[in-house]
Amino acid sequence: MQNLAFRGTHEKLNTADDGNFLKFVEFLALFDPLMDEHLRKIKDNETHVHYLGKDIQNELIHLLSNAIKQKILTSACDPKYFSIIIDCIPDAGHVELMTMIIRFLDVISNPKNGIAATASIKKHFLHFVPLKETTGAVMDETIIKQLGKMSLSIENLRGQEYDNGRNMREKNKGVQ
């Protein structure tokens, strides 16, 4: 949420540049005796299994991202209608990645009287999807498949916004 790096350049506790995750674990140990004891055992080499390495961090990132994505999709299904924003860009390995962003109206009702108190337009990045080809047909098929995986009905899709021009245009058998 704060756009801070999760991992640092080092995986060892109590070193400079060990990342926000390990710094948070160290901070947590200040208030949690169990965590403090665990970190003491790691420092004193009493244990070598500490579950704070990059594999566990990757698993935590994956679990958290899935939970956040599910919350976004639940929020997007509440108002029923949504729109998508699609763009394509190559990564460092020259693989074309399609970005998927969802846009919807988020209505927060007042629990006291049941009347809608505020409404705002929300726009959330969902994920990158690698493409085999950048043709309109492949992109169209990929979008439909991804919407299905996210349990978003294409019948409720009310807006489409595309970038990366020529592959998206209808006159070129594009996605639209």
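Biologist: Where is His94 placed in this structure?
Modeller: In this predicted model, His94 sits in the loop between strand 1 and strand 2 (96-109).

Biologist: What makes the backbone of His94 worth a look?
Modeller: Its phi is near 65 degrees, a positive value in a residue other than glycine. Most residues other than glycine have a negative phi.

Biologist: Which loop holds Lys80?
Modeller: Lys80 belongs to the loop between helix 3 (54-77) and strand 1 (82-90). Lys80 is not a glycine, yet has a positive phi of about 80 degrees.

Biologist: And why is Lys80 called partly exposed?
Modeller: Happy to walk through that one. The relative accessible area of Lys80 is 43%. Buried would need under 20% and exposed over 50%, so Lys80, in between, counts as partly exposed.

Biologist: Let's turn to the rings. How many aromatic pairs does a search of the whole structure find?
Modeller: Two aromatic pairs turn up. One of them joins Phe27 and Phe31.

Biologist: How do you know that Phe27 and Phe31 form a pair, and what makes it edge-to-face?
Modeller: The ring centres are 5.2 Å apart, and pairing asks for centres within 6.5 Å. The planes stand at 70 degrees; because over 60 counts as edge-to-face, the label follows.

Technical notes: Residues are numbered from 1 along each chain as its sequence is written. This is a predicted model: local features need pLDDT of at least 70, side-chain atom pairs count only at pLDDT 80 or more; totals for chains, interfaces and linings use all residues. Side-chain values use heavy atoms; hydrogens and water are left out. Rings of Phe, Tyr and Trp (its six-membered ring) pair if their centres lie within 6.5 Å; planes under 30 degrees apart count as stacked, over 60 as edge-to-face and the rest as tilted. Helices (H or I, at least four residues) and strands (E, at least two) are DSSP runs, numbered from the N terminus. Buried means under 20% relative accessible area, exposed over 50%, partly exposed in between (1.4 Å probe, protein chains only).
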